[in-house]
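Subject: Structure for your files

Hello,

The structure is pasted below, and my notes on it follow.

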Amino acid sequence: MLIVIISVMLYHYIKVTIYEGISQSLMYEAKILSTSSNLSQKRGSFEYGTLDGSTTTVNIITKTSKSKNPYFVNEKVGNKTYLKLYFPYIESSYITLTKETTIQSKLIDQILVDIMIVNATAIFLVLFYALFLSRMLLVPIKILSSKLSKLNERFLKEVSIDELPDEFTPLGKSINRLIGRIQTFVLYQKELFVGVAHELKTPLAVMKTKNEVTLLKPRDSEKYIEALKNNNEEINGMNKMIGSILEIGRQEGAQFEEAVQIDIIEFLNKMANNFKILARGDDKYVEINLSPKTLKMTLQPTLLTHIIQNFVQNAIKFSPQKSTITIVSRLKDEEFVVEVIDEGIGIDESKDLFAPFKRFGNKSGAGLGLFLAKGAAQALGGSVSIKNRTDGVKGAVSSLVLPILRNVKK
């Protein structure tokens with residue numbers, strides 16, 4: 001449609017341009033003739049030659065017309081075409097100047113034919129290119145579709161992106177990241193189910209053994225009371241374990257919450273004030289050093305809260321009295337980094353601290369906090385890590401790294 005519109009405009013522009021020179025020439029000649037004193041003495045029509053080698057036929061006619069302005073008329077006689085100018089003269093008479101325009105008409109007709117041929121060729125090439133381009137774009141999509149259709153749900157493997165064009169490489173990488181997350185999720189879910197079975201089976205076996213020993217022979221009431229107390233302690237531990245497992249379900253639900261834009265610095269400041277109160281109860285202190293002053297990001301606040309809360313609670317749990325836990329943040333390249341630095345016992349970096357039901361140190365717990373924190377970080381598109389301090393002070397540094405999206409406002 002665009003090609004046709006441009007072609008029509010071009011054709012009319014060329015046509016007007018070709019006839020413009022002729023019409024201006026006739027108008028100029030008519031003005032000169034109208035001022036000539038000998039013109040009124042002429043009888044009939046006469047011709048005179050022009051500088052371009054053509055001839056102009058002049059005639060004086062009497063004609064009634066409402067318009068007193070000059071006007072042009074195209075006429076065709078046989079195979080020849082003419083352009084006639086009616087120029088007002090004395091009273092109701094007109095000077096008519098007629099010039100043959102057969103050559104110009106044939107030229108314009110030939111230009112029209114050429115434009116139509118060019119249009120047809122251009123439209124054909126556009127259609128051919130569109131079909132070729134669409135097929136070319138479909139090839140990598142078909143390759144990706146074929147690779148994804150061949151994926152085995154039991155043995156997930158990353159898709160090879162070597163055969164994809166550069167434009168589809170980011171899509172291939174995104175698919176591989178998704179597959180990686182699925183692999184991690186399946187692995188941890190498997191470990192989680194095994195851990196749950198083990199963690200719940202052990203206290204049940206202990207409770208059963210104690211009950212059987214107690215029932216072997218009659219005992220004093222104090223022994224029965226002691227056995228019941230021990231069973232209650234095991235039941236309390238199982239309740240905590242079940243609560244942690246329910247927390248996993250709540251976190252997975254939080255991953256599907258709608259992300260909102262928040263000032264993450266202001267959000268961390270409010271959380272830190274609550275942590276200060278919590279730390280004072282254990283005779284410990286929390287300091288904050290957040291940078292930049294403001295940073296707006298779009299994410300799920302529930303997941304962010306779970307990560308930072310887990311880091312700070314672990315720091316408080318494993319730090320000695322009178323020690324200080326420091327929360328710092330900074331921008332690093334295209335990432336936002338939050339660190340919780342403690343003065344505790346440090347960690348064994350050779351062990352996977354984020355595996356479910358892994359407990360370290362001499363503190364009690366279900367061993368699911370860091371496992372949940374890692375899942376929350378992955379849902380936010382970031383990562384978490386824990387390392388020992390390298391500034392000569394004993395303790396650990398828990399880090400959360402979040403990518404800064406394009407809609408971030410500093």
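Five strands make up an open sheet of mixed pairing, in the order β7-β9-β10-β12-β11. Strands are DSSP runs of E of at least two residues, helices are runs of H or I of at least four, and both are numbered from the N terminus. Two strands pair if DSSP finds at least two bridges between them. β7 (285–289) and β11 (383–388) are the edge strands, each pairing on one side only. From one strand to the next the twist averages 15°.

This is a predicted model: local features need pLDDT of at least 70 and side-chain atom pairs count only at pLDDT 80 or more, while totals for chains, interfaces and linings use all residues. Residues are numbered from 1 along each chain as its sequence is written, and side-chain values use heavy atoms, with hydrogens and water left out.

Within the sheet, β10 (residues 335–341) and β12 (residues 396–403) run antiparallel and are joined by seven bridges. Valine 337 stands opposite valine 401 in β12.

Two helices go with this sheet. Helix α7 (residues 369–379) packs on the sheet and touches β11 and β12; its direction makes about 135° with that of β11. Helix α5 (residues 264–280) lies across β7, β9 (324–332), β10 and β12, and runs at about 165° to β7. Axes are lines fitted to C-alpha atoms, for helices over the stretch in contact, and angles run from 0 to 180 degrees between N-to-C directions.

Helix α7 also meets helix α6 (residues 301–318): their axes come within 9 Å and cross at roughly 145°. Contact (heavy atoms within 4.5 Å) involves Leu303, Ile307 and Phe311 of α6, among others, and residues of α7 including Leu370, Leu372 and Ala376. The residues of this contact divide into nine nonpolar, four polar and no charged. Here Ala, Val, Leu, Ile, Met, Phe, Trp, Tyr, Cys and Pro count as nonpolar, Asp, Glu, Lys and Arg as charged, and the others, Gly among them, as polar.

Among the buried residues of α6 are Leu304, His306, Ile308 and Val312. Buried means under 20% relative accessible area, exposed over 50% and partly exposed in between, with a 1.4 Å probe and protein chains only.

Threonine 101 counts as buried because its relative accessibility is 1%. Leaving aside neighbours within four places in sequence, threonine 101 is in contact with Tyr19, Ile22, Thr81, Tyr82 and Leu83.

Regards
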